[in-house]
Amino acid sequence: MSTLTESEFNDKMDQTIIAIEEALDELDDLDIDYETSGGILTITLENGTKVIINRQTPLKQLWLAAKDGGYHLDWKDQQWQTDKEQEPLEILLNRVLSQQSGETVELSLDL
């Protein structure tokens, strides 16, 4: 469980969503759309598949839903990490976007 206060958690989530949007904007060679509504970031790939990122405030977790499953991430060691394998968000996001798009995706998140 995260040691962040609710306010700190919400600030981290807002910063994370902005960082992901900015990283997606820098991808010139892939057709990836995104929309943020109600604190939920929906990334839509060219083939129509989606990756959804949302906040779970009561648990202070970032949840990521992808074609291959759902992931729960905690803020640890100054980064978001999956609660099971401690996979960092940047690596997880690049992996699921690459799998779903069939192309190599290399986002660099400035968190």
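## Surface and overall form

The chain exposes about 6,300 Å², with carbon and sulfur atoms supplying 44% of it (Shrake-Rupley method, 1.4 Å probe). This is a predicted model, in which local features need pLDDT of at least 70, side-chain atom pairs count only at pLDDT 80 or more, and totals for chains, interfaces and linings use all residues. Residues are numbered from 1 along each chain as its sequence is written, and side-chain values use heavy atoms, leaving out hydrogens and water.

Along the sequence, the pattern reads α-β-β-β-β-β-β-α, from 2 helices and 6 strands (DSSP runs numbered from the N terminus: H or I of at least four residues for helices, E of at least two for strands). Of the 111 residues, 41% count as buried (under 20% relative accessible area, 1.4 Å probe, protein chains only).

Now to the rings: the whole structure holds 2 aromatic pairs (ring centres of Phe, Tyr or Trp, the last by its six-membered ring, within 6.5 Å; planes under 30 degrees apart are stacked, over 60 edge-to-face, the rest tilted).

Phe9 is buried at 0% relative accessible area, Trp80 is buried at 1%, and Trp75 counts as buried at 12%.

Definitions and conventions:
Buried < 20%, exposed > 50% of the residue type's maximum accessible area, 1.4 Å probe, protein only.
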